[in-house]
Structure formats: structure tokens, C-alpha cells
Amino acid sequence: MMMYIEKKTYEIECLSPVHVGNGRTLKAFEYLYDRKAQKVYFVDEGKWIAFLYRHKLIDDFSKYIRVISAAMGRKGPFRGEHVWEWLLKRGIPSAELRTLSATVSDVTTNNKLLDRGSLNDIARNVVTVDGMPYIPGSSIKGALRTGILYHVIKHEAKRYRKYWNELAHIMSTSCSAKDVKKTARKVADDIEKDVFQKLKISSDYKIPAAVQDSMRGLIVSDAHCIQQDHESVIVQKLDGTAKENKRNGQESALPIFRECIRPGTRLRCMISLDKSMMQEIGISSIHDALEMTKEFIQDGIQMQKQVFGHAYEMEFAMAEDADIILGGGTGFLTKSILYALAPSAKEGREITAKYLDLAFPGRGREKHRSAHEHVRYDRNLSPRTVKLARVGMDTSIMGLCYMHEVESC
């Protein structure tokens with residue numbers, strides 16, 4: 001009897017920092033930052049309120065928040081007094097402050113001009129109820145879906161060229177960001193339907209698109225840590241840039257901070273595949289889906305390597321081991337579907353640059369110009385950045401992960 005359901009357990013190793021945001025960003029007064037030790041203590045809210053009440057600091061803390069609000073509104077790194085320093089000045093021992101934490105993170109900053117760096121808002125990573133970082137199954141499945149989409153388009157380019165022509169036409173005939181975005185959304189939806197809605201279900205009623213989607217046959221569980229040591233790391237946004245008239249690989253460190261799963265962390269998830277559904281899009285095994293995703297990742301890495309490889313030789317060498325890129329802040333790879341649609345890399349770059357300029361206009365007096373002038377400066381690749389993360393002395397491309405099978409069911 002033919003087995004239509006395949007189930008396997010996979011281990012994911014984070015080769016570089018992985019940030020899967022939980023939708024919450026903490027202000028400078030919502031965490032404790034020990035600048036000397038370069039650690040952030042994310043406080044337990046119950047303990048924090050009890051602490052303020054016990055030390056009769058509730059009114060003083062309210063005043064403190066009003067004072068630092070102005071400093072938090074300025075551009076660049078936060079230069080105000082962090083809560084940790086404010087409390088130490090009031091005679092609170094650092095040992096007591098550490099007891100208020102629910103979870104702890106190491107900090108890496110890129111601004112060498114500041115005294116051991118500073119922090120702004122911090123985007124939190126998803127964690128379980130007991131503070132363990134994990135990667136939602138939906139994030140893993142989303143990455144697999146994108147990889148499969150890329151593979152199908154790349155290997156059946158002529159069939160999907162009509163969608164490229166539709167995008168190219170609106171780019172050449174309209175200067176309206178609204179029109180361009182509307183067309184881009186329509187094209188994206190049409191491609192998704194064309195590639196994935198392959199299940200032929202007979203009914204007298206209208207069948208929802210999700211029910212006809214072949215990807216219903218792929219189920220991915222959340223990936224949980226298998227190590228006891230699960231302290232996260234906070235990294236600063238770091239872009240390797242390739243702007244015209246400036247050396248490729250020049251770094252742009254922005255005052256944006258993300259809590260991440262640290263490199264070396266290992267997690268496990270379960271993947272199950274219904275062959276009867278997935279064969280409709282040319283997938284007969286979980287291995288097929290992973291190989292398509294790896295192809296997508298490595299094609300994007302190679303495109304970036306052509307521009308940035310001389311400046312980040314070690315970083316790209318590490319990226320050769322990646323099977324999948326997970327989480328936010330990964331940049332270019334999310335745009336590379338356009339390159340799969342394009343008749344040539346040159347046309348892909350030109351249309352991507354035009355789209356980005358229309359989608360992200362300047363502000364205030366500069367609103368008539370693009371915020372980042374992609375058409376003007378994206379000479380070799382668009383967008384012209386490689387998204388990096390630095391932990392200590394080690395720099396890597398953001399979100400790299402290696403997957404391998406550890407158990408079959």
C-alpha cells in the first residue's frame with residue numbers, strides 16, 4: 001500500500017542571529033540595560049511593579065519617563081539616562097536589579113564612537129511562556145513556500161513572463177505609487193494562485209482559495225530549543241552598502257536593535273507532507289521542498305556575493321552552508337522573486353529599483369524624491385545592501401540556518 005503521508009523531524013541550527021518578532025518593541029524605559037556588562041534584563045512586570053512600590057519609586061519613575069521622552073524622540077542612538085543607571089544613583093544594588101528579570105540578553109552594538117555603545121527601542125523575539133526562544137512553524141513554512149514559488153517560476157520562466165510584462169508596463173506608464181503598489185499586489189496574488197491553487201475540488205458552492213491551495217499538504221510544527229542555555233542576543237541593524245562612488249562593502253550602522261536567537265542555537269521541528277496534495281506542484285517528498293528552498297537561498301546569496309563578496313569573504317563562505325533563511329531583517333532575498341520573473345538580471349534590477357523608489361518616497365521637503373534613490377545608486381544590485389549582524393567580533397549575514405533530518409516517523 002502506497003504511503004501518502006511523510007513525517008520527519010528536523011534540526012535547525014542557527015548559523016547567524018535569527019529574529020522572529022513578536023510584534024512588541026520596548027522603549028528605553030521598559031528594560032534594564034547594564035551598559036558595563038553589556039546585558040539587557042527584560043523585566044518581569046509583576047516583579048517590577050512590586051519593586052517600584054516597595055522602594056516608593058512609582059511617582060519618581062513617572063517623572064523620569066516624562067524627562068527621557070524628549071531624548072527618545074531625537075534621531076540617532078538614545079543618549080539619555082537608562083533605567084539601570086537611574087536606579088543605581090538611587091542606591092538600588094545591581095544584584096537586586098538582576099532579580100527583576102524574566103529573560104536576559106547579551107548586547108552587541110556597532111557604534112564605536114559611543115562608550116560601549118547605546119541602545120534605542122528593542123524589537124523583541126518570540127518566546128514561549130517560560131522565556132525560551134522558538135521559531136514558529138508558520139515562519140518556517142512561509143520560507144519553504146517562498147522557496148518553492150521561486151523554483152517553479154525560475155524553471156518555467158516563459159509561462160510566468162506575462163506577470164513580469166504586467167509589472168514592467170505599469171512601471172513605465174505610471175508615476176503613481178498607489179497604482180504601482182496596487183498592480184504589484186494583484187500580480188503577487190495572481191502568481192500565488194497560478195502556482196499553488198492546484199487542488200481540484202468539486203462542489204456546488206464556491207471553494208475558498210485556501211482550500212484549493214496545495215500547500216495545505218505541508219504542515220510544520222514550531223521549532224523549539226533543545227539546549228538549556230537559551231540566552232538571546234541583541235544585535236544592531238548593520239547594512240553592507242554598495243552606493244555609487246563609495247567602496248562596496250561600506251557599512252551603515254543604524255540605531256535599530258533586534259533581539260535574536262543567538263548563533264549556534266539548535267531547535268527541532270516536525271514536518272509532515274501529504275504527497276497527494278504536494279505532487280500537484282511537483283513535490284514528492286519533504287526533501288524536494290527543502291532542496292527548492294536551498295536553491296532559492298543560494299541563488300540570492302550568489303547574486304549578493306558578486307557585489308559584496310570581496311568585502312565579506314568569510315561571511316559568504318559561511319552562507320554556503322545555509323539551507324534556509326528565517327526571520328526578519330534579511331533584506332534582498334525577499335525581492336529576488338522579481339529576479340526570477342525578469343528576462344534578465346539587468347531588467348530585474350531596473351524594475352526593482354523603480355518599484356522601491358515609488359514605494360518608499362522621501363518625507364517632508366524631500367517627498368518628491370525617493371527616500372533611498374534606488375534608480376540613481378543601485379548600479380549592480382537592487383536593493384544595494386546586504387543585511388548583516390555582528391555578535392562580538394563575528395559578522396554574518398542575517399538569518400542563516402542549516403537544516404538536517406534527525407528522525408523519521
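**Figure 1. Strand E10 (232-241) and the lining of the largest cavity.** With five residues, E10 gives the most to this lining. Strands E10 and E14 each supply at least two of the lining residues; strands are DSSP runs of E with at least two residues, helices are runs of H or I with at least four, and both are numbered from the N terminus. The model shown here is predicted, so local features need pLDDT of at least 70 and side-chain atom pairs count only at pLDDT 80 or more, while totals for chains, interfaces and linings use all residues. Residues are numbered from 1 along each chain as its sequence is written, and side-chain values use heavy atoms, with hydrogens and water left out.

**Figure 2. A look inside the largest cavity, with about 40 Å³ of space.** The count comes to one cavity of 30 Å³ or more. Here a cavity is a set of points, on a 1 Å grid over the protein atoms alone, where a 1.4 Å probe fits but cannot get out, and lining residues have an atom within 4 Å of a point. Grid points are joined across faces, edges and corners, and the volume is the space filled by probe spheres set on the points. Look for Val235, Gln236, Lys237, Leu238, Asp239, Arg258, Gly329, Lys387, Leu388 and Met398 in the lining. They divide into four nonpolar, two polar and four charged residues; Ala, Val, Leu, Ile, Met, Phe, Trp, Tyr, Cys and Pro count as nonpolar, Asp, Glu, Lys and Arg as charged, and the others, Gly among them, as polar.

**Figure 3. The cis peptide bond between Ser382 and Pro383.** Omega is about -5° at this bond. You will find Pro383 in the loop between helix H14 (374-377) and strand E14 (385-391).

**Figure 4. Positive phi at Gln38 and Lys56.** Gln38 is not a glycine, yet its phi is about 55°. Its place is the loop between strand E3 (32-34) and strand E4 (39-43), and Gln38 is buried at 11% relative accessible area. Lys56, also not a glycine, has a phi of about 55° and sits in the loop between helix H1 (45-54) and helix H2 (58-72). Lys56 is exposed, at 73%. Buried means under 20% relative accessible area, exposed over 50% and partly exposed in between, using a 1.4 Å probe and protein chains only.

**Figure 5. Cysteines Cys225 and Cys401, without a disulfide.** A disulfide is a pair of cysteine sulfur atoms within 2.5 Å, and the count comes to zero. For Cys401, the closest cysteine sulfur is in Cys14 at 4.3 Å, too far for a bond. Cys401 is buried at 0% relative accessible area.

Note on methods: On a 1 Å grid over the protein atoms alone, a cavity is a set of points where a 1.4 Å probe fits but cannot get out, and a pocket is an open set with protein on both sides within 12 Å along at least five of seven lines; lining residues have an atom within 4 Å of a point.
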